[in-house]
Each structure stands twice: as structure tokens, then as C-alpha cells.
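Subject: Structure handover

Hello,

Here is the structure for you to look over. My notes on the ligand site and the open spaces follow below.

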Amino acid sequence: MALRPEHVVALVGGVGGAKLAAGLVRILPPEQLTIVVNTGDDFWHYGLRICPDLDTVMYTLGGLVDPVNGWGVAGDTTALLDALKRYGEDAWFRLGDQDVATHLLRSEALRNGERLTEVTRQLTNKLGILHPLLPMTDAPVETMIDTVEYGELPFQTYFVRYRWQPTMKALRYAGADHAEASPEVIAALENADAILIAPSNPWLSLAPMLAVKPFRELLLEKNVPRVAVSPIVAGTAIKGPAAKLMAELGYDVSPRSVADFYGDLISGFVYDIQDSNLKISGKKTFMTDTIMRDQADRERLAGQILDWITAEVWD
Ligand code: FO1
């Protein structure tokens with residue numbers, strides 16, 4: 001019987017990550033949970049620094065998120081976009097009017113020399129979010145997708161403009177080799193007694209993080225439960241391009257490919273009961289209903305994972 005984790009670090013990406021985070025924050029108090037978010041999707045747009053995964057998690061935890069999309073502000077309007085269209089702009093990236101307030105304040109703070117970690121803390125505090133929400137790094141890292149049809153594309157052009165339909169040949173994380181995890185992230189990882197990798201897209205949401213020093217080193221050296229949740233269920237992804245890009249990159253679209261992707265970085269793996277026929281070797285495994293249809297599911301899954309971590313005897 002292990003001790004119940006009291007310093008959990010959750011590594012999260014987009015919508016799937018935000019959902020597990022929304023479950024974890026209901027179980028663990030702010031001093032016991034730190035959420036580290038992918039910033040590989042970030043980009044400059046009309047002079048504004050857009051941080052989609054940070055905003056998705058922030059709006060979700062702040063109770064503002066559009067429940068249908070899983071991103072943006074619920075009930076937001078598009079007066080700004082309509083005005084841009086009047087000037088002939090192709091407004092392919094749908095920025096809501098309330099959402100732009102986030103981008104304006106963040107961009108001004110960054111231009112004033114503040115770190116992304118600091119401005120994120122200010123924004124989350126104003127939204128009443130008490131759990132630490134940390135960008136993976138304060139340095140720019142941009143996921144670039146090499147496609148058959150258009151050559152290399154910046155992430156949001158691939159994901160939003162082309163609706164992730166182009167055929168992926170390869171991807172890279174520009175800037176990751178010069179970036180370092182923030183001091184806040186390093187402290188949280190060093191202090192962690194459990195590390196959870198949310199059911200986010202491994203290649204798009206976690207790989208950018210793992211490409212930044214010293215994530216990989218810290219994960220490998222930490223002798224604590226390090227548990228990933230599969231975003232692939234019964235051969236498909238719940239949301240987004242994970243299944244499609246896995247097929248295009250030549251992987252079996254199965255939880256096993258996800259477990260293999262993380263390899264020695266994880267000591268535990270959670271996957272869906274629908275894939276109970278799969279045998280995953282070399283890790284402790286836990287099967288349950290991993291689909292998070294509503295807030296109750298999120299809290300259930302988060303609780304089950306923490307209970308499992310507590311019940312298992314980890315090396
Ligand atoms: N996703 C879309 O599919 N279409 C959009 O127009 C769109 C706009 C958008 C605006 C702000 C924001 O924070 C996120 C937005 N997203 C949009 C989602 C975003 O592209 C993805 O959530 C992440 O980059 C991948 O997890």
C-alpha cells in the first residue's frame with residue numbers, strides 16, 4: 001500500500017487534458033496538485049500571443065469554457081471577427097470577443113517582459129482558479145507539422161485552418177532545444193510524489209513538453225508513480241487527430257502504441273475497459289471506463305486513478 005499522493009503533477013494538453021484536470025481539482029486541494037500545460041500550440045496571431053491549451057484548461061477550471069467545443073468562452077460573440085471579415089480577412093481562427101480579452105492582457109504582459117508563467121498566474125487568480133497552472137516553459141516552442149499536401153505547416157494552420165486533414169509526414173517542436181522548463185515546473189516535478197500524463201495527444205500535446213529539458217530526465221529519474229492515460233479507446237481517439245496521425249506515422253492505433261511511446265517515462269498505464277483484450281507489458285496497468293462524458297465522469301476517473309496509485313505497491 002503506497003501513501004496517497006500529496007504532490008501530484010498532471011501533464012496536460014488540450015481538451016482531454018483539461019477534462020482530467022477538471023476532475024483532479026475537485027479531489028486534490030491546490031497545495032497537492034500542479035497542472036503543467038503544453039504550449040506547443042501557441043502562436044502569434046494579429047499581434048496577439050494565443051495559448052490555446054493554457055486557455056482551454058484555464059477556461060475549463062474557471063467554469064467559462066464553451067462546453068460543446070471544449071475551447072473558447074461559452075456564449076462568446078464574434079463582433080471582432082465580423083469586423084475583420086468586413087476588411088476582407090479570412091477569419092479561419094475563430095477568436096471570440098471575450099477570448100480576445102485574455103490575449104490582449106497576456107500579449108501586453110509579455111511585451112512588458114513578464115514571463116508566461118507570471119501572466120498565467122495573474123489571469124488564473126482573477127478567474128478564481130487556486131490550483132497552480134503552469135506553462136511547460138516560458139520560452140517559445142512551436143509544433144510544426146510536415147504534410148504531404150502543403151509541406152510544413154504551423155500547428156494551428158494544420159489543426160484549424162486545414163482541420164487536421166492534411167497527411168502528416170513528420171512533426172518537430174521548433175525552439176524546444178533552446179527552451180528550458182520554468183523554475184516553477186522544475187520545482188513541482190522535483191517535489192512530485194506522483195506524475196500523471198492526461199489522455200492528451202502524445203505526439204501533439206506531450207511530445208513538445210518532453211522535448212524541453214529537463215522533463216525527460218526528471219521523469220526518468222523520479223522513483224514515483226508516473227502514470228499515463230490512453231487517449232485511444234477501441235482503435236480511435238475521443239477527440240482530435242490522434243488516431244489519424246498515428247496511422248499516418250505508421251503506428252497501430254491502439255493503447256499499446258501509446259504505452260510504447262512513453263516507454264520508460266511511465267511506470268503505470270491506464271486504458272479503457274473496451275481494450276481489455278490488450279496485454280500491456282512492462283508497466284502496472286489499470287483498466288476502467290476512461291471516457292469523460294461529464295463532470296461526474298471526470299471526478300470518477302481522477303479518483304479511480306489516485307486510488308489505484310495509492311493501492312498499488314510501486315517499486
Ligand atoms: N479550434 C478549432 O477547431 N477552430 C477554431 O476556430 C479554434 C479557435 C480557437 C481560439 C482560441 C483558442 O484558445 C482555441 C481555439 N481552437 C480552435 C482550439 C485549438 O486550436 C485547439 O484546442 C488546440 O490548439 C489543440 O488542443
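How far does a polar side-chain atom of Asp53 lie from an oxygen atom of the ligand? The distance is 3.1 Å.

Before the rest, some ground rules. This is a predicted model, where local features need pLDDT of at least 70, side-chain atom pairs count only at pLDDT 80 or more, and totals for chains, interfaces and linings use all residues. Residues are numbered from 1 along each chain as its sequence is written, and side-chain values use heavy atoms, with hydrogens and water left out.

An N or O atom in the Asp41 side chain is 3.0 Å from one. Alone, the ligand exposes 530 Å², and the protein buries 92% of that (Shrake-Rupley method, 1.4 Å probe).

The shell around the ligand holds 13 residues (a heavy atom within 4 Å). Asp41, Asp53, Phe93, Arg94 and Gln156 come nearest. By class, the shell has seven nonpolar, two polar and four charged residues. Gly counts as polar here, and Cys, Tyr and Pro count as nonpolar. Helix H6 (155-161) gives the most, with four residues. Helix H2 (52-61) also gives two or more. Helices are DSSP runs of H or I, at least four residues, and strands are runs of E, at least two.

The pocket

The ligand sits in the largest pocket (more than half of its atoms lie within 2 Å of the grid points). A pocket is an open set of points on a 1 Å grid over the protein atoms alone, with protein on both sides within 12 Å along at least five of seven lines; lining residues have an atom within 4 Å of a point. About 1100 Å³ of space lies in this pocket. Of its 45 lining residues, Val15, Asn69, Trp71, Phe159 and Lys239 are closest to the centre. The lining divides into 23 nonpolar, 13 polar and nine charged residues.

The cavity

The search finds one cavity of 30 Å³ or more. A cavity is a set of grid points where a 1.4 Å probe fits but cannot get out. Its lining includes Asp41 and Gln156. Strand S6 (142-147) and H6 each give two or more lining residues.

Best wishes

Technical notes. Polar contact = N/O pair within 3.5 Å; in protein donor to acceptor, adjacent residues only side chain to side chain. Points joined across faces, edges and corners; volume = space filled by probe spheres on them.
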